[in-house]
Amino acid sequence: MPGNDKNSNQMKEHLTIGDIARIAKVSKTTVSRVINNSSLVNKQTKKKVLKVIEEMNFTPNALARSLTKKTNKTIGFLIPDILNPFYMEIIQSIEEVVSKQGFSMYLCVTNQDPKKEEFYLNEMLERRTSGLIVVCTSINNSELLEKARKNIKMVSIHADIEGVDKIDTTGEQGTFEIIEHLISLGHKKIGFIGYRFDIVALNNRLLGYKKALEKHRIPIRDEYILEGTVLGNSGYYMTNKLLDLDDPPTAIHCFNEYLAMGAYMAISERNLKIPQDISLTGFDDLFMSKLIRPRLTTVSQPISTMGQIAGELLIKNILEGAKPVSQSIVLPTKLIIRDSTAPPRA
């Protein structure tokens, strides 16, 4: 009868390890060991349990397994927003590494909201997540951070978390070089737009900008430095604010290419041309910087390599245990000169 099939399927959906143990006439511990492929179960018993699991179409609950093992094969990925393609490249490279080891990823987007940040950390602790990768985010709740650090293996990218392995790039030097490139073309009025200057890795780019100006004895003008947010089209609004100044800059450096896309839009709407009317530079070297016209002069950082190293380091920490002293891995950046920069108009 169709009704009986439906009831049978519902019963199978609600089966537990205890049910399988009762049908197979073994202990729940034995069933758990079979599910986790333990060598402590002899072949005959294992074969019997697996036959029951197959006949009953039983799928063990991941959370139930984690309660037995104290952790599960899930890795959290904490990012401030999902619109910036930088994060997509990082996610892709990390996923390729962790999936090969049988881990799945749990994406957490905070939108710079401390409450969301705390929610996700609590969720990962409750789910007994094995690892966590934090990108461009500062965890403000020190008590919760300490609890997470004790129970979850962690690695950071462009983030400042004490006692946690860190992957970074030479952002200060890279920005210094691109500002020097603008200065070499004759620019002295250079704007800088960015966000989250409270994060050391991101603030380093601002430091690189200032050091280049200082080296060439060009005054640092506060009105040329704008700090926006990761939300909305911040690059568009900050570029318009710079261009509305009585004495606007002749060049603008965007501290990432997500902001640069908004800058392109703002400049185009004013019927200004890049680089004839204003030079524009970025940071990241994402795929889109090669597609837009004019092609963007930028600072390239090895995004995929950062993700790969972060994933490999986290898996190693999970499987072998993290070392008592955290390490910092810094990868080089590279200046890429394309078509968006030129000498200022006379």
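A residue is called buried when its relative accessible area is under 20%, exposed when over 50%, and partly exposed in between, with a 1.4 Å probe and protein chains only. The structure is a predicted model, in which local features need pLDDT of at least 70 and side-chain atom pairs count only at pLDDT 80 or more, while totals for chains, interfaces and linings use all residues. Residues are numbered from 1 along each chain as its sequence is written, and side-chain values use heavy atoms, leaving out hydrogens and water.

Helices (H or I, at least four residues) and strands (E, at least two) are DSSP runs numbered from the N terminus.

Salt bridges that share partners also join K189, R221, E223 and D247 into one network. Within it, the side chains of E223 and R221 meet at 3.0 Å, N to O. E223 is partly exposed, at 35% relative accessible area, and R221 is partly exposed at 24%. Another salt bridge pairs R196 with D198, their closest N and O atoms being 2.8 Å apart; R196 counts as buried because its relative accessibility is 13%. The structure holds 15 salt bridges.

I17, G18, I20 and A21 of α2 make the contact with K28, V31 and I35 of α3, contact meaning heavy atoms within 4.5 Å.

Strand β2 (residues 104–109) contains L107, which counts as partly exposed because its relative accessibility is 38%. L107 forms a nonpolar surface patch with I82, L83 and M88, together having about 350 Å² of accessible area. T110, in the loop between β2 and α7 (114–126), counts as buried at 2% relative accessibility. Leaving aside residues up to four places away in sequence, T110 touches L78, I79, P80, K116 and E117.

Patches consist of residues with over 30% relative accessible area and no salt bridge, joining like charges within 9 Å and nonpolar side chains (Val, Leu, Ile, Met, Phe, Trp, Tyr) within 5 Å. Accessible areas come from the Shrake-Rupley method with a 1.4 Å probe, and for residues only the protein chains shown count as cover.

Terms used: Salt bridge = Lys/Arg side-chain N within 4 Å of Asp/Glu carboxyl O.
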